[in-house]
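This briefing is meant for a reader who is meeting the structure for the first time. Please look through the sequence and the model before going on to the notes that follow.

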Amino acid sequence: MIIYPDTAEEKLGFDVLRESIGSYLLSPMGHEHFELQKPSSDGDWIKEELQRVVALKEVLQFDDPVPLYGVEDVREGLRQILPSGSVAEVELLLYTMRVLQAFRRIKGYFDQRKEQYPGLHEITRELGAYPDIEKRIAEIVDDDGRIKDSASSELRQIRRKMISTQTRLRETLMNELRRSIGQGYTTEAQPTMRSGRMVIPVRVEAKRKIDGFVHDVSSTGQTVYIEPAKCLDLNNEVRTLEAAEHHEVRRILIDIASRIREHIPTIVRSCEVFGQVDVIQAKAKLADRLNAHATSVNDEGRIHLSKARNPVLQLHFDSQNKRDGTKRQVTPLEISLGEDWNTLLLTGPNAGGKTVAMKTLGLFSLMISLGIPLPADEKSEFCLFDTLIVDIGDEQSIENDLSTFSSHVTNLRYMLDRANEKTLVLIDEAGTGTDPAEGAALAQVVLERLTESGAKTIATTHHGSLKVFAHEEEGIENGSMEFDQDTLRPTYRLQMGIPGSSYAFEIASRIGLDTALLDRARELLGDQKVRMEDLISSLEARNQALSKRLEDAELALSDARVQRERYEVLFEKLEAEKDDIKQNALAEAESVMQRANAEIERTIREIKEHQAAKEKTKEVRAELESFKTQISKEKQKTASKKQKRSKKRSNQAKNEKGSVARKPLQVGDQVVLDGGSTTAELIELSGKHAVIMAGSMHMRVKVDRLKKVAGPRKQKVVVKQVKSSGEGGITALKARQRIDIRGKRVDEALSEIPRFIDDAITTNLNRIEIVHGKGTGALRNAIHEYLDSTPEIAHYEDAPYNEGGPGVTYAFLK
């Protein structure tokens, strides 16, 4: 991918993302791999890298920790032992063993999960396994970098003999030292070493009193260091053993170097693969922090971003929020390019977010080219570009005799020479740096040429003529950053299809500039220009009002969907009850028929037995008619009771509704806005205005827009013994829906769950998520046992596979 100019990454802020990824890298190989990784336009590699990063992000969130630890780069040390007969340094052996252990652990981890993470398994397959070398190095070197006695049987024997000889030497030397002290020849109670031999300190005047050899004299000349004659042979033997030890250690190190030498090419390659995995995990950690996703990528030039957030601004706000305790969030963007139009012209007031929106697309292009997921809705789509050209900021240069305008023209010439359908062009403040009319005309012809070339272009400007041009020209669209006309503050929301006003006069008036001066400025500006700015302001105001109504409509629609689902459930329940009633009625009718048939059979039998005597026949018929009358009365009685109950319920509902509607509004009442269907709670009354709450959204409205539909909701009080947090309660905005207890002991984890559940109940959450990982399953089983014993939990289940599977438990509250 071609990027122009060389400072483009810094101008867009991508150096901040590079620094962030660098902070997550664990090894020198990872740093080297990321430094060598350049923005790419290879679609296949980008898609595979995005899949790998997202897979590792899922591992970090839901699976056991990846055994990816920081290791040293041993490649240069291994190259030094390539010549035959080379001696391996002990430090190199220790680092090599740790590197080989890391290879083995990572390879084993993804071998066990090859079905879940095939892309990561494919990469880690290249990591070599060297159990014999690991074992041999472990036999030779201890954790402190010392050669072990077990390195060879010969070395063990030499060191045992050395210890025995040194012990005899020390005993002999101590005997001589004690004798010298007794005779007053020395005052020090310990022997010392000189020239690698053990000696005793003796006063200079007594040096001829001791039978031995002088090895050294103190700096004052008052003490000489003598090796007693009795220790000569033992000292010689120790020196001989030390030389033997050195020779054996050298032989061992040459031998292990020769064993490693034949595997050096594959170990070096494994180090490179380790660096690649390290970079993937660093990208995954950044994606996790940004809540980024692997959006769809295409080669057709389409860009459709939903809920897109500038990653540099998000990192800045995260750091600021942690430092200051604030809760600033990035306003998401909704932006399209490359289908109905190739060029987007952004207008609006200064500091309204135009440049941030434009830089967001430049950052996304660089992130995609390096296989980094985007902080946007996962349904978003982004195009792969071959070239990124940026004209942002001032590049004037005294050395190169470049003014601000000259530097802009240089950039424009470059982009016009190279722009095509695979190019993304970003131009900040098009047409500035020279006469406004000439600058606007020049910017217009540049945008025309770029649009014709098929390049995807985003430009910001304040020139009114360019707004008209964008409105009339095919393939170019206006866009603006929304501005709240009541507060005269930007909302940072992007509006497609609407040009933006600069609001220069409004902002100047708010700041306090003299009204007469502003009137004179409007007069100088011209009536047509003022009317156009007023039209833009009016359009923006209407758009804001429509957006508000759309937001209310969407809220009402959401509530209607909830109500519909509720009524569908109720309808199904009623249908089931109807079927039950029908079955019961049929069963009762069948019972009645059986009784009637039995009565008729008995009557016929009596008639036959009495040979159809008239008196008896009349008597039996009378009994039969009486039985039929009794059944009919029971039936009418049941229907009457049912009708009375239904009428009573209907009258009660009407009375309650009328009573509620007649009562004055008070805090806690259930109300609807403008006769809508969404129920909200009245939480504040202040004169002719009120504050209502629907879900987590608060709205300030006039009282006459509200209609009371019910009194205060009955409160369900749940008394629990909960440790005080010192925060005076928890709000819905502070409530957590998810808790991560991976890595904790069972008792630690269980101590956090009760408070977590209490907070969820307090804030009316329906579902909570407990991330415990898979591991051995002990923590998961303990959590499930606790949930079984908790009456507030209706039921629980494993999360869907793509959201953590058995590593995450969804618990549903009653």
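This is a predicted model: local features need pLDDT of at least 70, side-chain atom pairs count only at pLDDT 80 or more; totals for chains, interfaces and linings use all residues.

In which helix do Glu176 and Arg179 both lie, and how many residues apart are they? Both belong to helix α9, where a spacing of 3 residues places them about one turn of the helix apart.

**Salt bridges**

- The structure holds 40 salt bridges, and one of them links Glu176 with Arg179, whose closest N and O atoms are 3.1 Å apart.
- Within this pair, Glu176 is buried at a relative accessible area of 8%, whereas Arg179 is partly exposed at 36%.
- Asp759 and Arg755 meet through their side chains in a salt bridge of 3.0 Å, N to O, and they are separated by about one helical turn because they are 4 residues apart in helix α21.
- Asp759 counts as buried at 13% relative accessibility, while Arg755 is partly exposed at 29%.

- Four strands form an open sheet in the order β2-β3-β5-β4, with antiparallel pairing, and its edge strands, β2 (192-194) and β4 (212-217), each pair on one side only.
- Strands β2 and β3 run antiparallel and are joined by 3 bridges, with Arg194 standing opposite Arg197 in β3.
- Helix α9 (residues 153-182) packs on the sheet and touches β3 and β5, its direction making about 5° with that of β3.
- Helix α10 (residues 232-261) lies across β3, β4 and β5, and runs at about 140° to β3.

How values were computed
Residues are numbered from 1 along each chain as its sequence is written. Side-chain values use heavy atoms; hydrogens and water are left out. Two strands pair if DSSP finds at least two bridges between them. Helices (H or I, at least four residues) and strands (E, at least two) are DSSP runs, numbered from the N terminus. Contact means heavy atoms within 4.5 Å. Axes are lines fitted to C-alpha atoms, for helices over the stretch in contact, and angles run from 0 to 180 degrees between N-to-C directions. A salt bridge is a side-chain nitrogen of Lys or Arg within 4 Å of a carboxyl oxygen of Asp or Glu. Buried means under 20% relative accessible area, exposed over 50%, partly exposed in between (1.4 Å probe, protein chains only).
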